[in-house]
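Let's take a walk through this one together.

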Amino acid sequence: MLKSDEEFARQLQAEEEALMVQQYVLEEHSGQFEQRIRPYINQVLMYEDPVRQEAARKTVPIEELEEKALVSLAKEGNFEPSKIEQDHAFLLQLLFWFKKSFRWVHAPSCEGCDNETVSQGMGAAIPSEIQYGATRVELYSCKYCSRITRFPRYNDPLKLVETRRGRCGEWANCFTLYCRAFNYESRLILDFTDHVWTECFSEYLGRWMHLDPCESVYDKPLLYEKGWNKKLNYVIAIAKDGVYDVTKRYTRKWPEVLSRRNITTEYALSAALANMTKECRKTLVPHVLSLLEARDISESKALEKDPNSQDDASILLPGRQSGDKEWRISRSETSPDDMGSLTCSSCPVRICTDEHVKRIYNAWSPVLCQFVENNFSKSRAVEVLQTFKRSLLDLWNLPYKNRRASINCSNDSQLSLEQLLPSFDELLDSLSLKSELANQMVDIRLAGDPVKTSLALPVALDSLEEIIQNLNECDNFDKTSLSLPLVKLNRIHSGSVLASGEELPFGIATAAFDGTCSSKWEEPDGARGCWIMYKLLGNQMLELVAYELMSANDAPERDPMDWVVEGSDDGGSSWRILDKQTSQLFENRFQRRTFKVGSLAVQSNAFRFRFLAVRDVHSTSRLQLGSIDLYAKATKFQYYMSKVSA
């Protein structure tokens with residue numbers, strides 16, 4: 001969507017006025033501009049050094065990030081991604097990993113006693129610091145022992161790979177090296193209003209993508225203008241093959257930005273950039289030059305459209321999160337209603353890839369039934385499950401392509417694990433695993449796509465932990481206990497989800513249905529009312545007989561307290577109340593609570609939760625949930641088969 005004709009005309013007039021002022025006020029030279037840019041041209045060439053690239057790669061848990069990338073795609077239903085899709089997903093995981101592995105320094109801790117320090121100004125760099133480009137050294141005095149701690153501002157990314165600390169300059173400098181180390185076309189982005197970040201060319205998106213390692217934010221170029229309230233002027237991309245003005249990608253207020261561009265005229269700026277780019281490309285062969293020039297033209301056309309785009313209007317962007325709070329406030333880079341993370345106020349319909357969750361839940365039933373049939377005591381059942389849990393943990397801690405674990409059956413008393421093994425077959429199959437028995441050892445190994453195992457193992461471990469907890473709380477472990485919450489059959493799956501809002505990228509609506517404790521759905525404005533709707537696959541009609549809600553990992557004040565559950569038989573056009581709860585409390589984190597639906601039989605093809613209030617509406621604007629599980633009434637065929645099995 002573009003601006004209206006009237007808005008567009010006003011913008012053109014404002015641009016003309018700003019350019020006219022520029023012509024009269026500024027001299028047509030680019031000396032000051034070039035002086036600021038040229039040091040960065042030498043900087044980005046360091047990213048091409050094979051030694052630096054290899055040093056960076058050695059610090060990255062490559063296989064772990066590869067696994068996370070493939071699992072993230074699998075959660076979207078993509079189990080056979082192309083290389084371009086894998087590369088894009090890996091880049092995002094590299095960004096998230098870097099955020100956790102690099103440390104922000106406001107004031108370094110004392111090198112002597114590790115206590116707080118205060119600034120004592122600047123000092124002269126010593127040779128060992130100058131060697132890695134530290135022309136500036138900050139000095140800090142310890143509040144307790146008065147020792148002076150030095151904080152060299154290193155410019156060589158090789159040293160930053162070692163120190164893993166700094167501020168935005170060090171973060172962007174080092175992260176851009178990591179991107180080049182994994183062969184992503186990358187640029188260092190210099191914002192003249194004092195910030196630095198990275199751009200990578202995404203083959204998946206077919207364009208340059210913004211990545212801010214300090215904030216762990218990607219593809220949100222309006223973060224600074226809209227979230228941080230920055231008054232941008234020049235945003236310049238510096239790469240090994242050229243220097244580019246990309247300011248228009250980062251603004252929707254181009255006339256205002258243009259009025260603040262007071263270093264040189266636009267004509268002189270373009271000439272300076274063209275000259276520096278020509279220098280960067282002087283050794284390139286014609287074929288490469290032709291490709292670069294074609295990409296330049298494509299980007300230039302896209303940049304001309306960006307200031308008029310309205311396609312990101314629903315995304316709410318936070319103020320700055322990196323750095324000391326007082327420092328951020330002093331820079332006016334916090335927003336008045338700072339959410340602390342990205343939010344989407346009009347989230348799209350998302351598809352749940354969670355059939356494996358249903359299969360895992362169902363697969364525990366034959367295991368528990370076997371325990372009952374063999375008159376296992378509660379403690380014996382827990383003992384067997386703990387043994388199996390240790391094997392699953394062993395598998396989880398191994399590289400995802402080479403998962404294999406063993407269980408020693410020789411120490412078993414009463415009924416051995418060897419005899420129990422067939423009851424675990426369905427579970428192992430749901431995890432894409434298989435078992436083999438030899439010499440009283442049960443060998444468990446991969447049986448199919450390792451990514452499916454990676455996707456399912458966390459679900460199995462979380463559900464197993466809950467089963468052990470529920471068993472321990474059982475008064476009597478017998479046939480009467482083989483129902484909710486211990487046995488979870490007929491979980492509804494593979495539907496589509498729509499919510500009133502969601503957190504990007506880790507609190508999206510489908511996170512409520514993925515069966516793991518490590519994720520959650522978060523509604524940024526849901527404390528006083530929000531909703532989430534689940535529409536069944538293929539418009540099938542089912543009767544809801546129970547549901548479970550699980551509290552999330554933190555912030556008890558965000559737990560739902562009052563809600564209404566509704567069903568619809570026309571896809572969501574009309575609703576009927578199925579259950580209503582008030583004043584409900586979750587006493588612990590990751591606590592799962594089961595609610596039976598006591599209404600008359602109602603066939604529905606969509607269900608909706610209307611959350612009316614959270615636990616403490618006065619201290620938060622948010623609602624969050626660890627998980628939602630919906631359970632349908634067994635069909636006549638399922639009921640018949642269960643009787644036959646019994």
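In which loop does Ser494 lie? Ser494 lies in the loop between H18 and S18. The labels are DSSP runs numbered from the N terminus, with helices (H or I) needing at least four residues and strands (E) at least two.

A word on ground rules before going on. This is a predicted model, where local features need pLDDT of at least 70 and side-chain atom pairs count only at pLDDT 80 or more, while totals for chains, interfaces and linings use all residues. Residues are numbered from 1 along each chain as its sequence is written, and side-chain values use heavy atoms, with hydrogens and water left out.

Back to Ser494, then. Its phi is positive, about 65 degrees, although Ser494 is not a glycine. Most residues other than glycine have a negative phi, and most peptide bonds are trans. Is Ser494 buried or exposed? Ser494 counts as buried because its relative accessibility is 16%; buried means under 20% relative accessible area, exposed means over 50%, and partly exposed is in between (1.4 Å probe, protein chains only).

Asn183 is another non-glycine residue with a positive phi, in this case about 70 degrees. You'll find Asn183 in the loop between H8 and strand S6 (186-191). Asn183 has 62% relative accessibility, so it counts as exposed.

Now for the peptide bonds. Leu484 and Pro485 are joined by a cis bond, with omega about 5 degrees. Pro485 sits in the loop between H18 and strand S18 (496-499). A cis bond also runs from Leu504 to Pro505, with omega near -5 degrees, and Pro505 is in the loop between strand S19 (502-504) and strand S20 (521-523).

The expected span here is 1.5 Å times one less than the number of residues. Buried residues in H4 are Leu65, Glu67, Ala69, Leu70, Val71, Leu73 and Ala74. Their cover includes helix H5 (83-101), helix H15 (378-396) and helix H18 (450-473).

H5 has 19 residues and reaches 26 Å from its first C-alpha to its last, close to the 27 Å expected. Its buried residues run from His88, Ala89 and Phe90 through Leu91, Leu92, Gln93, Leu94 and Leu95 to Phe96, Trp97 and Phe98. They pack against H4 and H8, along with strand S7 (195-202), strand S8 (207-212) and strand S9 (217-218).

How do H5 and H8 cross? The axes of H5 and helix H8 (residues 168-181) come within 11 Å and cross at roughly 145 degrees. Those axes are lines fitted to C-alpha atoms, for helices over the stretch in contact, and the angles run from 0 to 180 degrees between N-to-C directions. From the H5 side, Leu91, Leu94, Leu95, Trp97, Phe98 and Lys99 meet Trp171, Cys174, Phe175, Tyr178 and Cys179 of H8, where contact means heavy atoms within 4.5 Å. The residues of this contact divide into 10 nonpolar, no polar and one charged. For that count, Ala, Val, Leu, Ile, Met, Phe, Trp, Tyr, Cys and Pro are nonpolar, Asp, Glu, Lys and Arg are charged, and the others, Gly among them, are polar.

Next, pick out Lys401, in the loop between H15 and strand S15 (404-408). Lys401 is partly exposed because its relative accessible area is 45%. Leaving aside neighbours within four places in sequence, Lys401 is in contact with Glu63, Glu66, Leu446 and Pro450. Lys401 and Ser454 are 53 residues apart in sequence and 9.4 Å apart in space, C-alpha to C-alpha.

Finally, zoom out. The protein chain has 19 helices and 29 strands, and its C-alpha atoms fill a box of roughly 90 × 60 × 60 Å along the principal axes. Of its 646 residues, 52% count as buried. Among contacts between residues at least 6 apart in sequence, 72% join residues at least 24 apart.
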